[in-house]
Amino acid sequence: MGKKVTVVGAGFYGSTTAQRLAEYDVFETVVLTDIIEGKPEGLALDMNQSRPIEGFETQIVGVTTGTDGSGYEQIAGSDIVVITAGLPRKPGMSRMDLLETNAKIVRGVSEQVARHAPDAVVIVVSNPLDEMTALAQIATGFPKNRVLGQAGMLDTARFSNFVAETLAVPVGTVKTLTLGSHGDTMVPVPSQCTVNGKPLSELLPADKIEELVVRTRNGGAEVVALLKTGSAYYAPSAAAARMARAVAEDSGAVLPVCAWVDGEYGISGVYLGVEAEIGAGGVKKVVETDLTESERAALGEAAEAVRAKQGDVANL
């Protein structure tokens, strides 16, 4: 205990992430911030009152912040900061449609994080994910290993869930992997997918696997279209919270995340969805996975697509 984690943004994603982090009972304090006056304080009060029922001691502190930086002094000493601030997608919107609006928000938040929590590991979840992760690193000036993004865990979880439902097997028996970007150039990796240790290709025909790959790629849009008034947050918050826990516990868990790639897979100088060992300083190392030629090519294409857009964010 003694560790402190901050979640910036008290929307559905942020508040659910804060709740999950508190219920782990591995942090002393969870700070939840928002620009809507009273909202984070009210949510924190409500969550704290669940402590006797759920049996956790972590305290949740709600803080209203201003665009002038007021309130951010409360995040001082945070070991981890999860940035969820920004607008969610509406039906028909792509993640890219959010680029300029969310860039301003993420840049402002990142500058406050650098000022008040200069030793924190930053986990970005704002969309478009790969670009906002790159922007947060530029705006904080933190070492690249201390800034990472949540995408691959969520996309992998969606893929695993679809496989489990299709085959009517327990999700615990399914292992899948998704790399690349969080969006159109997502690269699900069927060659690394198994069910009870058996290759997925032995259990499903290629066309059915491709169907699940496409559904995984459009997983967020499918939820947005059904909700009509927001985007997914239960599965995304579970992924972000698990990443934060791996950092807090210095677990060395190998997780699919958006990390700075510098030579792995023959790709350099870009934030990209890869598997990485996660611990106290953020990304300990990128872990290269055996890929087929077509999967490797797709990852290279994803890197180039993301690189082009990440080059633009420095000026936003």
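1. Buried here means under 20% relative accessible area, exposed means over 50%, and partly exposed lies in between (1.4 Å probe, protein chains only). By that rule Tyr233 is buried, at 17% relative accessibility, whereas Tyr234 is exposed at 54%.

2. On the basis of these notes: this is a predicted model, in which local features need pLDDT of at least 70 and side-chain atom pairs count only at pLDDT 80 or more, while totals for chains, interfaces and linings use all residues. Residues are numbered from 1 along each chain as its sequence is written, and side-chain values use heavy atoms, with hydrogens and water left out.

3. Strand β5 covers residues 121-124; helices (H or I, at least four residues) and strands (E, at least two) are DSSP runs, numbered from the N terminus. In a regular strand the side chains alternate between the two faces of the sheet. In β5, Val121 and Ile123 lie on one side and Val122 and Val124 on the other, and all are buried, leaving both faces covered.

4. Two strands pair if DSSP finds at least two bridges between them. Strand β4 (residues 80-83) runs parallel to β5 and is joined to it by four bridges, with Val121 as the bridge partner of Ile80. From β4 the chain passes through helix α4 (residues 99-116) to β5 in a right-handed β-α-β crossover. Right-handed means that, with the strands pointing away from the viewer, the path from the first strand over the helix to the second runs clockwise.

5. β5 also pairs with strand β6 (residues 147-149), again in the parallel sense, over three bridges. Val124 stands opposite Gly149 in β6. The crossover from β5 to β6 goes through helix α5 (residues 129-140) and is right-handed.

6. Which aromatic residues form one cluster? They are Phe12, Tyr233 and Tyr234. Rings of Phe, Tyr and Trp (its six-membered ring) pair if their centres lie within 6.5 Å; planes under 30 degrees apart count as stacked, over 60 as edge-to-face and the rest as tilted. The whole structure holds three aromatic pairs. The Tyr233 and Tyr234 rings have centres 4.6 Å apart and planes at 35 degrees, so this pair is tilted.

7. Trp260 and Tyr271 make an edge-to-face pair, because their planes stand at 70 degrees, with ring centres 5.3 Å apart. Trp260 lies in strand β12 (residues 253-262) and Tyr271 in strand β13 (residues 268-279), so the pair ties together parts eleven residues apart in sequence. Trp260 is partly exposed at 25%; Tyr271 is buried at 0%.

8. A charge sits over a ring if NZ of Lys or CZ of Arg is within 6 Å of the ring centre and within 35 degrees of the ring normal. Lys144 lies over the face of Trp260, 4.7 Å from the ring centre, and Arg245 over the face of Tyr24, at 4.6 Å.
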